[in-house]
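Welcome! Take a look at the model below, and then let us walk through it together.

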Amino acid sequence: MKNPSTPQRFWLPLLYDSLKLFNWQECPLLNVSETNLLLNKLQELSSARLRPQFSEPNLPAEALSSIRLALATNLGRAILDE
């Protein structure tokens with residue numbers, strides 16, 4: 001998702017499929033900068049959802065908030081690990 005050519009329609013499904021990795025119990029799998037990058041992409045996605053041409057993926061309604069919570073938790077654990 002660092003590559004700007006990745007279409008936004010893939011972001012939410014990719015992040016949602018990664019929830020188990022974000023919630024990995026033994027240690028955070030993403031460092032602070034990687035987690036911040038994903039949180040920024042999630043914020044971009046939240047803004048893009050307001051545009052009329054945005055196509056909503058077939059995911060649960062709470063997908064965005066679940067991803068945000070998992071990334072915030074991972075960020076806290078990554079900060080403590082550094």
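In this report, a contact means that heavy atoms lie within 4.5 Å. Among contacts in the protein chain between residues at least 6 apart in sequence, 80% join residues at least 24 apart.

A word on where the values come from. This is a predicted model, in which local features need pLDDT of at least 70, side-chain atom pairs count only at pLDDT 80 or more, and totals for chains, interfaces and linings use all residues. Residues are numbered from 1 along each chain as its sequence is written, and side-chain values use heavy atoms, with hydrogens and water left out.

The pLDDT is the predictor's confidence in each residue, from 0 to 100. The protein chain averages 84, and 84% of the residues score at least 70. Confidence is lowest in helix α1 (residues 8-17), with a mean of 84, and highest in helix α4 (residues 63-81), with 92.

What elements does the protein chain have? There are four helices and zero strands. Here helices (H or I, at least four residues) and strands (E, at least two) are DSSP runs, numbered from the N terminus.

Next, the inside. A residue is buried under 20% relative accessible area, exposed over 50% and partly exposed in between (1.4 Å probe, protein chains only). Of the 82 residues of the protein chain, 29% count as buried. A nonpolar core is a set of buried Ala, Val, Leu, Ile, Met, Phe, Trp, Tyr and Cys residues joined through side-chain atoms within 4.5 Å. The largest one has 12 residues, among them Trp11, Leu19, Phe22 and Ala70. Helices α1, α2 (19-22), α3 (32-48) and α4 each supply at least two residues of this core, and α4 gives the largest share, four residues.

| Residue | Relative accessible area |
|---|---|
| Phe22 | 5% |
| Asn74 | 1% |

Phe22 lies in helix α2. Leaving aside neighbours within four places in sequence, Phe22 is in contact with residues including Leu15, Leu38, Ala70 and Asn74.

Asn74 is found in helix α4. Which side chain makes a polar contact with the side chain of Asn74? The partner is Thr35, at 2.8 Å. A polar contact is a pair of N or O atoms within 3.5 Å; within protein, one must be able to donate a hydrogen and the other to accept it, and residues adjacent in sequence count only if both atoms are side-chain atoms.
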